[in-house]
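User: I'd like to learn how to read features off a model like this one. Can we go through a few together?

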Amino acid sequence: MTTGQLGSFDHRMAVFDSDDGFVAAALPLLGEALGTFGEPPPVAIAAPRNLDLLRDALGTDAKDVTCIPHTDWYTGSAANAVAQAAAYLNAHAGPGGRIHLVMEPVWSGRAGRSARETTEWIRYEALANLLFAPQSTTALCAYDTRTAGPAVIAAARRTHPDTEVYEDPLRLVAELDAVPLPLPPASAQPLAEPQAAAVQRWAVGRGLPAADAELFAAAVAETAAALAPLGDAALLWGEAPACVCELRSARRLDDPLAGFVPPAAGPEPGPGLWYARQVCAYVDIRDDAEGAAVRLQYA
């Protein structure tokens, strides 16, 4: 038995192509935790079938492993996954965030549904190295070649320090953000003051249910407050559920973690961008010479 020492975030990656491959990748990490004095119960977040395989392989040790179906963990956007992980660490990790996790993304769901979703997942994997750097957490991200394609796995390798192609997270995120956003449509509606009531009326008119329109409007208003002073008028376009608002700030944000860090008293990233990332499917930020453009898409 070993005595665990506090350290930095240990972000690993395993690639497998069979049931046996998953078990072979996951068992050593769970064994690290089970054999370390004072370690909290390790966590396996995976497809239900893979959780069953782990329980069988663990035998009597299965009672000491927390098993969570991955569809219960990965329930929304990449920013939602950040919030879920932070909340779990706060509630269950040991000193300094010490805990071991096996984490299998849901590639048949949101993360693998489109190139757009995949880009956001890669952003999350890259930024996790910065967001959780202060934590002595060990996380093994499990990638199944039967559900995650070669391009996804190749990109994911660039986000994990234990691979030979790992890249600095800031450089990788800058590469993602170098892709220009599509121009707003000519039919986009300008809104001089992006107040919640006006945005909500517009969203309801575009087919969003009242509750969803209220959430979207609050995200726009909170973001506008965080970005002040604003530049040009806000632009609104789209039809439910993909209602979009673009805001321009008169200042650059220059912070790839904006909106990914839980809000606290003080300056940016502030509650607006955090709230927007939790509510909206996408929040895109692009800095330029005139300030920053922030585009919120509800779904």
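User: Where is N50, and is N50 buried or exposed?

Analyst: N50 sits in helix α2, residues 48-58. Helices here are DSSP runs of H or I with at least four residues, strands are runs of E with at least two, and both are numbered from the N terminus. Buried means under 20% relative accessible area, exposed means over 50%, and partly exposed is in between, using a 1.4 Å probe and protein chains only. N50 has a relative accessible area of 4%, so N50 is buried. This is a predicted model, where local features need pLDDT of at least 70 and side-chain atom pairs count only at pLDDT 80 or more, while totals for chains, interfaces and linings use all residues. Residues are numbered from 1 along each chain as its sequence is written, and side-chain values use heavy atoms, with hydrogens and water left out.

User: Which residues does N50 touch?

Analyst: A contact means heavy atoms within 4.5 Å. Not counting residues up to four places away in sequence, N50 touches D19, F22 and E104.

User: How do I read the packing of helix α5 and helix α7?

Analyst: Start with the axes: they are lines fitted to C-alpha atoms, for helices over the stretch in contact, and the angle runs from 0 to 180 degrees between N-to-C directions. Angles under 35 degrees count as roughly parallel, over 145 as roughly antiparallel, 65 to 115 as roughly perpendicular, and the rest as oblique. Helix α5 (residues 115-131) and helix α7 (residues 169-177) pack at about 155 degrees with their axes 9 Å apart, and α5 and α7 are therefore roughly antiparallel to each other. As for handedness, a crossing is left-handed if the near helix is turned anticlockwise from the far one by less than a right angle, and right-handed if clockwise. The crossing of α5 and α7 is left-handed.

User: Which residues make that contact?

Analyst: From α5 you have T119, I122, R123, A126, L127, N129 and L130, and from α7 P169, L170, L172, V173, L176 and D177. To sort them, Ala, Val, Leu, Ile, Met, Phe, Trp, Tyr, Cys and Pro count as nonpolar, Asp, Glu, Lys and Arg as charged, and the others, Gly among them, as polar. The contact of α5 with α7 divides into nine nonpolar, two polar and two charged residues.

User: Let's zoom in on A126: which residues does A126 touch?

Analyst: Leaving out residues up to four places away in sequence, A126 touches T159, P169, L172 and V173. A126 counts as buried at 1% relative accessibility. A126 and R55 are 71 residues apart in sequence and 30 Å apart in space, C-alpha to C-alpha.

User: How does helix α8 pack with α9?

Analyst: Helix α8 (residues 196-205) and α9 pack at about 140 degrees, with their axes 8 Å apart. That makes α8 oblique to α9. The crossing of α8 and α9 is right-handed. On the α8 side the contact includes V199, W202 and A203, and on the α9 side it includes A213, F216 and V220. The residues of this contact divide into 11 nonpolar, one polar and one charged.

User: What span should helix α9 have?

Analyst: The expected span of a helix is 1.5 Å times one less than its number of residues. For the 18 residues of α9 (residues 210-227) that gives 26 Å, and the end C-alpha atoms are 26 Å apart, which agrees. Among the buried residues of α9 are A213, F216, V220 and L227.

User: What backbone features should I look for in the loops?

Analyst: Most residues other than glycine have a negative phi, and most peptide bonds are trans. Here the peptide bond from A228 to P229 is cis, with omega near 5 degrees, and P229 lies in the loop between α9 and β9. Another cis peptide bond joins A240 and P241, with omega about 5 degrees; P241 lies in the loop between β9 and β10. D254 is not a glycine, yet has a positive phi of about 50 degrees, and D254 lies in the loop between β10 and α10 (270-279).
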